[in-house]
Amino acid sequence: MWICSASLMKTRTNRFAYIVLFLLLSISGTAQKKSVYTGLEAYLQTQNLVNVNKLDPTIKFDLKYATTDNFTKTILYDSLFNIYLHPIAAKKLVNAQKNLKKINPGYSLLVYDAVRPLSVQRKMYKVVQNTKYAPYVANPSRTGLHNYGMAVDLTICDKDGKPLDMGTPFDYFGAAAGINKETELVEKGILTNQQVKNRQLLRKVMVDAGFITIRGEWWHFNAVSLAEAKKSYKVIE
Ligand SMILES: [Zn+2]
């Protein structure tokens, strides 16, 4: 009887020790998680968005607005180190990468921009006022699909991470960035056949994954229509 009580006590003590250990590990885990994300990324973590890099780590990215290497020459994304999209757009992007890898395993999608919260749109709008770029930046009162995490700007890169030649850089403001008159642009010598082929490959893998193209920018793709987003989804503030 004494032996039984002693072993029972020992089991209880062990159980208690395990519970304490579990609680300590949980607390330290939470603390670690909190310290990983700061600034904009910490905010995006609290929204209904997916970290695309966790779904598919092979998708490459170079978030231009997180650096000064963009047309505003200003860092618009403070502390953002991953691609965030609405779950619907994220799933489509992963499928687009699969489509691309089937065609050329050495190639990868290279994302320049994904979700763009309204606060950033406001910042961008403010920065370009009184510059030549003012007409190209949407007024934050008119929401776009980037604000829902439903649009992505991207290109294709080779196995060394070098972007394919698409004829113009990302965020080029001019007719050559458009996709509707490419034959004409080749005839005029503004684009080459190879540049158009590269764009067609990007469009093929994206459209096959369910994305919608827009006329004016070869790099921009929508996961749903703006009407659908406005009806069913929420803007990321
Ligand atoms: Zn875009």
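How many bridges join E4 to E5, and do they run parallel or antiparallel? Five bridges join the two strands, and they run antiparallel. This is a predicted model, so to speak of local features a pLDDT of at least 70 is needed, side-chain atom pairs count only at pLDDT 80 or more, and totals for chains, interfaces and linings use all residues. Residues are numbered from 1 along each chain as its sequence is written.

**Overall picture**
- The protein chain has eight helices and seven strands; these are DSSP runs numbered from the N terminus, with helices (H or I) of at least four residues and strands (E) of at least two.
- Of the 237 residues in the protein chain, 31% are buried; buried means 20 or more other C-beta atoms within 10 Å of the residue's own, exposed means 12 or fewer, partly exposed is in between, and C-beta atoms are placed from the backbone.
- Among contacts with a separation of 6 or more, 73% link residues 24 or more positions apart; a contact means that two C-beta atoms, placed from the backbone, lie within 7 Å.

**Confidence**
- Mean pLDDT for the protein chain is 89, with 85% of its residues at 70 or more; pLDDT is the predictor's confidence in each residue, from 0 to 100.
- Watch residues 31-35: pLDDT stays under 50 there, and the model gives them zero contacts beyond four places in sequence.

**The sheet**
- Five strands make an open sheet, ordered E2-E4-E5-E7-E6, with mixed pairing; two strands pair if DSSP finds at least two bridges between them.
- At the edges sit E2 (60-61) and E6 (212-213), each pairing on one side only.
- E5 is mostly covered, with six of its seven residues buried.

**The core**
- The largest nonpolar core holds 49 residues, and Leu 85, Val 111 and Val 152 have the most contacts inside it; such a core is a set of buried Ala, Val, Leu, Ile, Met, Phe, Trp, Tyr and Cys residues joined through C-beta atoms within 7 Å.
- Elements that each supply at least two residues of this core include H2 (39-44), E4 (108-113), E5 (151-157) and H7 (193-208).
- H4 gives the most to this core, with five residues.
- Leaving out residues up to four places away in sequence, Val 152 touches Leu 85, Ala 89, Leu 93, Val 111, Ala 114 and Phe 221.

**Helix H7**
- At 1.5 Å a residue, the 16 residues of H7 should span 22 Å, and its end C-alpha atoms are 22 Å apart, which agrees; the expected span is 1.5 Å times one less than the number of residues.
- Its buried residues are Gln 195, Asn 198, Arg 199, Leu 202, Val 205 and Met 206.
- Seen down the axis of H7, these buried residues fall within an arc of 130 degrees, so they line one face of the helix; the arc is that of the directions from the helix axis to the C-beta atoms.
- On the other side of H7, Asn 193 and Lys 197 are exposed.
- H4, E5, H6 (182-187) and E7 (220-222) are among what covers the buried residues of H7.
- Just after H7, Gly 210 takes a positive phi of about 105 degrees.
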